[in-house]
Amino acid sequence: MIKNKVVVITGASSGFGRSTALLLAQNGAKLVLGARRENRLQELVSEITVAGGEAVYAVTDVTKQENVEALSQTALAHFGRIDVWINNAGIMPQGLFMDNDVAEWEAAIDLNIKGVLYGISASLPQMAKQQSGHIINLASVAGVMAHAGTGVYSATKWAVRAISEALREETAQMDGDIRVTILSPGAFNTELVNSVHNDKFQAGVEDFYAKVGITADRVATTIKQAIDLPDDTSWNEVIIRPTKQVL
């Protein structure tokens, strides 16, 4: 059951994070929200509390470990535990290797890989102490296939899947029930498309998402379903696409 679970979400100011926060709040979860845009976080917390829910926030840049640790401490200070940690923050760089955009490669690694590792570091010790918890890592369909122009993005999401599977094996051998879920979405309409800065790919990506993409709340519903399972049962990996998406 979701009611009264303490759920931490990174990248909570828009897209999957925002939709998930609203849905879980409606079902009685206590939300701890992290993102870089404080005004968006304030608006989301206000929306949740006005509707009768509970939510707090901490401005969080997941590329900075101290920020992620502070988000964890915010959860513990307000609610005393962490039941679910959702590593959602990410970017979607597109570009050929010949473009040699090293700065964008490094940004993707820092956000998509290190951000997930920092989230695990900030939440797993508390879950081990509680002997319960659930870590949900957002990967991508790009983490199960790669194409020219998606190499770096695909590599970061493959890494998320590898990290998550190793974590699943580790937590399966720990005391209690600590669950791990990999969620790999396809083309859902979020601000992730805005992180494509390469002129050769931007228009094509926007057109593709406009044609097949659907709203982020579909992914939020899937996250809710994963959390709703009994603690002794896990959805280990879910790929979710719009029905009309081919790739």
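A crossing of two helices is left-handed if the near helix is turned anticlockwise from the far one by less than a right angle, and right-handed if clockwise. The legends below describe a predicted model, in which local features need pLDDT of at least 70, side-chain atom pairs count only at pLDDT 80 or more, and totals for chains, interfaces and linings use all residues. Residues are numbered from 1 along each chain as its sequence is written, and side-chain values use heavy atoms, with hydrogens and water left out.

**View 1. Helix 1 crosses helix 7 in a right-handed sense.** Helices (H or I, at least four residues) and strands (E, at least two) are DSSP runs, numbered from the N terminus. The axes of helix 1 (residues 15-26) and helix 7 (residues 217-228) cross at roughly 55° and come within 8 Å. Helix 1 is therefore oblique to helix 7. Axes are lines fitted to C-alpha atoms, for helices over the stretch in contact, and angles run from 0 to 180 degrees between N-to-C directions; those under 35 degrees count as roughly parallel, over 145 as roughly antiparallel, 65 to 115 as roughly perpendicular and the rest as oblique.

**View 2. Residues of helix 1 meet residues of helix 7.** On the helix 1 side are F16, S19, T20, L23 and L24; on the helix 7 side are D217, V219, A220, T221, I223, K224 and I227. Contact means heavy atoms within 4.5 Å.

**View 3. The largest nonpolar core has 33 residues.** Such a core is a set of buried Ala, Val, Leu, Ile, Met, Phe, Trp, Tyr and Cys residues joined through side-chain atoms within 4.5 Å. V8, V32, W85 and I120 have the most contacts inside this core. Strand 1 (6-10), strand 3 (54-59), helix 3 (65-79), helix 4 (102-130), helix 5 (151-172) and strand 6 (177-185) each supply at least two of its residues. Helix 4 gives the largest share, nine residues. A second, separate core of 30 residues includes F16, L33, L183 and I227.

**View 4. Q130 lies in helix 4, and Q131 in the loop between helix 4 and strand 5 (132-138).** Q130 counts as buried because its relative accessible area is 18%, whereas Q131 is partly exposed at 41%. Buried means under 20% relative accessible area, exposed over 50%, partly exposed in between (1.4 Å probe, protein chains only). Not counting residues up to four places away in sequence, Q130 touches R81, I82 and D83. Q131 is not a glycine, yet its phi is positive, about 60°.
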